[in-house]
Amino acid sequence: MLSREDNERLVRVGPGTPMGTLMRLHWIPFLRSADVVADGQPHRVRLLGEDLVAFRDTSGRVGLVNHACPHRAAPMVFARNEDDGLRCVYHGWKFGVDGKCLDIATEAAGSPMCRNVKIKAYPVRERNGILWAWMGPDADPPPLPDLEWNLVPAEQLHVSMRIQECNWLQALEGEIDSAHAAVLHARVDQRSTINQWRQAQDLVPTFECVQHPSGVNIAARRKSGDNLDYVRVNQFLLPFYTLVPPQTQYPELSGHAWLPVDDEHTLCLMFTYHPARPLPEKSRRMFREGHQGWDSGHPAESSFEPRPVTDPYPLFWSKYKRGNAYGFDYGLQVTQRNSGMPGLWVQDAAAQSGVQPITDRSQEMLGTTDLGIVRTRRLLLDALRTLATEGQRPASSTDPQSMMWRAVSITIPRGSDWKPVAAEFMRARVGADFGYVP
């Protein structure tokens, strides 16, 4: 369990907090490129508790600026996006993507005031359909991280985003918890037995964790058939990434960036990709539309409930939420789905955030299958202490190549060491196939 003090250190992300400071040393993916169009509607953003507006100017450059005009604090989400700048509708103050004032409609031509005015702006870079923000202290930011999912061609990748009603760590810990899948996501037959997942062959896996400079390998070993072990190795990568091993029937790789909107909301960026081949259209269709009324790990397009443009991320709020019990149906729980909820991500969100946005972790009772969660928390706390006491930044913020990892599923002889076998496959190599069958 976590002390209340350590829980606060990990989940609070606002300016000046230890975790907020650590996260600002990393590039933050915050929108899909397609969501921000040239001379189009500005998009309200909130990151690390800070309210911002994203826009693409006439020349195609993307800006990320304060949500309030520095003149009289009018909402910049209402600003006119025109002629390579964002012009406040209140008094016509206009700003470029770098935050510099370009024009003040209510001041005389040539007024020196324009040269001295600036709106807060953060650098934005664009790679493979994703917008990345630099909110850190360095005027010269580090390179973007080399994450395999954001390096493959567009036809090999599917990305979705949704808002979840809890803090970022609460959401992240659900994905590195390899023990829950065969229970939470299971179908049930008439005898109420869990029968869907290969992990269900052994509901009591043994765990082993191996730390590396940018995160933790979290291995769950299960007995599988005669004298075999099935080992799934999840990845946690600093500061907010998780990678999930493939399933036999779904060989694509997937994972999340769990991006703190504020202390009580998370932007969940999910990616599914294949390192060497285009994603099948059948998979893409399932991600977009769900399957027979059920959402996959990606939210179906029909599951969103758009909000006003004045809300952060207005396109990414789901109709499945705490206020309507995430669509829970007890009859469905009895007859079809162990969770009683309509989809994989819905089930995860309900379990992770259904009680409250910030859970008091000093009250939890952990078991042997929670080793990965314990090690991840320890790694994060160590990173905070090292940064505060020594000024040392984690490799995840300084070495792009340190993020080139994959999650893997392997079958090995009973009791043998998984590490030398998995090591060959866990290093990401864009364009290289898996080299194994899960």
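In the predicted model, alanine 325 counts as partly exposed because its relative accessibility is 42%, which lies between the limits of 20% and 50%. Alanine 325 also has a positive phi of about 60°, although this residue is not a glycine. The residue is located in the loop that runs between helix H6 (281-289) and helix H7 (330-335).

A positive phi is likewise found at alanine 73, with a value of about 65°, and here too the residue is not a glycine. Alanine 73 belongs to the loop between strand E4 (62-66) and strand E5 (80-82). With a relative accessibility of 53%, alanine 73 counts as exposed, because the value is over 50%.

A further backbone feature concerns a proline. The peptide bond that leads from leucine 238 to proline 239 is cis, and its omega is near -5°. Proline 239 is placed in the loop between strand E15 (228-237) and strand E16 (241-244).

The packing of two helices was examined next. Two packed helices are described by the angle between their axes and by the distance between those axes. For helix H4 (residues 168-175) and helix H9 (residues 371-390), the axes come within 10 Å and cross at roughly 140°. The crossing in which H4 passes H9 is right-handed. On the side of H4, the contact is made by Trp168, Leu169, Leu172 and Glu173, while H9 contributes Ile373, Thr376, Arg377 and Leu380. Sorted by class, the contact of H4 with H9 comprises five nonpolar residues, one polar residue and two charged residues.

Charged side chains were then considered across the model. Side chains of opposite charge can pair when their charged atoms come close. The count of salt bridges comes to 30. One of these joins the side chains of glutamate 50 and lysine 120, with an N to O distance of 3.1 Å. This pair links distant parts of the chain, since the two residues are 70 residues apart: glutamate 50 is in strand E3 (residues 50-56), and lysine 120 is in the loop between helix H3 (113-116) and strand E9 (121-122). Glutamate 50 counts as buried because its relative accessibility of 10% is under 20%. Lysine 120, in contrast, is partly exposed, with a relative accessible area of 43%.

A salt bridge is also formed by arginine 80 and glutamate 82, whose closest N and O atoms are 2.9 Å apart. Glutamate 82 has a relative accessible area of 18% and is therefore buried, the limit being 20%. In another salt bridge, glutamate 281 is paired with arginine 288, and the closest N and O atoms are 2.9 Å apart. Glutamate 281 is partly exposed, at a relative accessible area of 42%, and arginine 288 is partly exposed as well, at 28%.

Salt bridges also connect residues into a network, which links Arg44, Arg46, Asp51 and Asp262.

How values were computed:
Residues numbered from 1 in each chain as written. Predicted model: local features only at pLDDT ≥ 70, side-chain atom pairs only at ≥ 80, totals over all residues. Heavy atoms only, no water. Axes fitted to C-alpha atoms, helices over the stretch in contact; angles between N-to-C directions. Helix = DSSP H or I, 4+ residues; strand = E, 2+ residues; numbered from the N terminus. Left-handed = near helix turned anticlockwise from the far one by under 90°. Contact = heavy atoms within 4.5 Å. Nonpolar A, V, L, I, M, F, W, Y, C, P; charged D, E, K, R; others polar. Buried < 20%, exposed > 50% of the residue type's maximum accessible area, 1.4 Å probe, protein only. Salt bridge = Lys/Arg side-chain N within 4 Å of Asp/Glu carboxyl O.
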